[in-house]
Amino acid sequence: MSSDSVPKPRLLIADDQPDVRQALGMLFRSEGYAVELVASPDAVESAVRTSEFDAVLADLNYSRDTTSGAEGLELIRRLAAMQPELPVIVMTAWGTIELAVEAMRLGARNFVEKPWDNAKLTSLVRNQVELCRALRRSARLEAENALLRGESVEEFVAASAAMRPVVDMIRKIAPSDANVLITGEPGTGKSLLARLIHENSARAKGAFVAVNMGGIPETMFESEMFGHVRGAFTDAKSDRTGRFELADNGSLFLDEIGNIPFAQQAKLLRVLEDGQFERIGSSRTQRADVRVISATNADLRAAIEAGEFRKDLLFRLNTVEIRIPALRERRDDILPLAQLQLDKLKRKYKCAIAGFEPDAAEWLRSYAWPGNVRELSHVIERAVLLCESPKLRLPDVATLLTQNAPGDNKPAQGVPTLEEAEQELMRRALAHCDGNVIEAADLLGISRSAMYRRIEKYSL
């Protein structure tokens, strides 16, 4: 049944009688199966949790009694809840029609009476293994297609050829625990990609903890990352849980990793090497089971040459390195990203803008986007607030950037300053909300005090 390219089918056999286990083990090993033998329902569950099997062949009766099949029926129910696609074939020397019906109702695929016929049993198991593998291939393909469609994380768009290597890499490495370094220009979506990796990993049910390494004062680095106990220093009025502890059994996203001070890099290296750390003020060593995903727009290799970044720390961070292309390198993604942002803003601002006029769409696709996806999102939001037509027009999307030829990013004559644009946004928001300052502030996503300051500044 096996070949050089296809792994052996894995069969889990459970029976409380050693001679039965051995006989079945010899039979299926001779048929090319990798076989694991266990003697109890608990051992079955433990094996299924830690390994992947293509089928389970299990007795119905164990130590509790010899005829009712109650233990085996309960095992079928639990396995069906754990892995619905895993075929369970049950065997018993005390078969009845009622027992067979109940076993099938709970999720068993087949019911075999002892003593078994070798040819029939191996044929039956082979068919169930092939079905299981087909279902798993289909599920994996569907998961990959969902990833390509961006369904794992709503904002993820990867329609362009430039993004295909990124998607392929995510498929390969997301299920592992390998540390990942994401590189790319500012605004390309590195934090979104980090979350996508987490959500497609075995740690998806664990915490995803993000920290901007460039925003941590050097004096607070250890407290922020490892925590402290009450009284450890003057302002430590209570215990604090660090980011590594918060991310235990999950993923820790270290954004702007290139900004970590050199003096603190050794402390980070230690916990990456052995998972151990101590809270400030505590002598108790703790462990954290954390997958580290980091991101930077800096050239870390140049920083190493300049003596600003440790080479051994880079080796710990970039088990796998993924570069996100700039938006100008993935032009087929620009309009889908713009439409996605427009759809979100339509819900946020409760407007009915239908889409983009052709000239606006062509301008969006042709503009160089030095600020990448982040800049695109800001432009669409400004355009939605300024738009007075059923669709976004070229002046709506280009007015705050350029009205030159596509790809030319030099400011054009007549383009308002940021201050003029802000003043116009204030006017339009107030008009839209009939002069209600609180509603206008909510519409613009700023605080009331910030809104009042701008009203005074522009004499509105």
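Guide: Start at K350, which counts as exposed because its relative accessibility is 74%, and exposed means over 50%. Keep in mind that this is a predicted model. K350 sits in the loop between α13 and α14. Its backbone deserves a look. The phi of K350 is positive, near 55°, although the residue is not a glycine.

Now take the helices on either side of that loop. Helix α13 covers residues 334–349, and helix α14 covers residues 358–366. The two pack against each other at an angle of about 120°. Their axes lie 9 Å apart. The crossing of α13 past α14 is right-handed. Which residues make the contact between α13 and α14? From α13 come I334, L335 and A338. From α14 come A361, L364 and R365. Sorted by class, this contact has five nonpolar residues, one charged residue and no polar ones. An α-helix has 3.6 residues a turn, so residues three or four places apart point the same way.

A salt bridge joins the side chains of R330 and D333, with N and O 2.8 Å apart. Is this pair buried or exposed? Both R330 and D333 are buried.

Next, the cysteines. The count of disulfides is zero. C351 is in none, and its nearest cysteine sulfur belongs to C387, 8.0 Å away. That gap is over the cut-off, since a disulfide needs sulfur atoms within 2.5 Å. C351 is partly exposed, at 27% relative accessibility. C387, likewise in no disulfide, has the sulfur of C351 as its nearest, 8.0 Å away. C387 is buried, with a relative accessible area of 14%.

Where does N372 lie? It is found in helix α15, residues 372–386. N372 has 0% relative accessibility, so it counts as buried. K350, by contrast, counts as exposed at 74%.

Helix α10, residues 262–274, is followed by G275, whose phi is positive, near 70°. The buried residues of α10 are Q264, Q265, L268, L269, V271 and L272. What covers them? The cover includes helices α8, α9 and α12, along with strands β10, β11 and β13.

Strand β13 holds T296. T296 is buried, because its relative accessibility is 1%. In sequence, T296 and I182 are 114 residues apart, yet their C-alpha atoms are 6.6 Å apart in space. Leaving out residues up to four places away in sequence, T296 touches L181, I182, T183, G184, K190, I257 and G258.

R10 lies in strand β1 and E36 in strand β2, 26 residues apart. Both ends are partly exposed: R10 has a relative accessible area of 28%, and E36 is at 28% as well. Another salt bridge joins R126 and E31, whose closest N and O atoms are 3.3 Å apart. R126 is in helix α5 and E31 in the loop between α1 and β2, so this pair ties together parts 95 residues apart in sequence. R126 is partly exposed at 24%, and E31 is partly exposed at 27%. Elsewhere, E45, R49, E74, R77 and R78 are linked in a network of salt bridges.

The backbone has one more feature to show. K114 and P115 are joined by a cis peptide bond, with omega about -5°. P115 is in the loop between β5 and α5.

Step back to the whole protein. There are 19 helices and 14 strands. The salt bridges come to 25. Of the 460 residues, 45% are buried. Among contacts between residues at least 6 apart in sequence, 67% join residues at least 24 apart.

Definitions and conventions:
Residues are numbered from 1 along each chain as its sequence is written. This is a predicted model: local features need pLDDT of at least 70, side-chain atom pairs count only at pLDDT 80 or more; totals for chains, interfaces and linings use all residues. Side-chain values use heavy atoms; hydrogens and water are left out. A salt bridge is a side-chain nitrogen of Lys or Arg within 4 Å of a carboxyl oxygen of Asp or Glu. Helices (H or I, at least four residues) and strands (E, at least two) are DSSP runs, numbered from the N terminus. Buried means under 20% relative accessible area, exposed over 50%, partly exposed in between (1.4 Å probe, protein chains only). Axes are lines fitted to C-alpha atoms, for helices over the stretch in contact, and angles run from 0 to 180 degrees between N-to-C directions. A crossing is left-handed if the near helix is turned anticlockwise from the far one by less than a right angle, and right-handed if clockwise. Contact means heavy atoms within 4.5 Å. Ala, Val, Leu, Ile, Met, Phe, Trp, Tyr, Cys and Pro count as nonpolar, Asp, Glu, Lys and Arg as charged, and the others, Gly among them, as polar.
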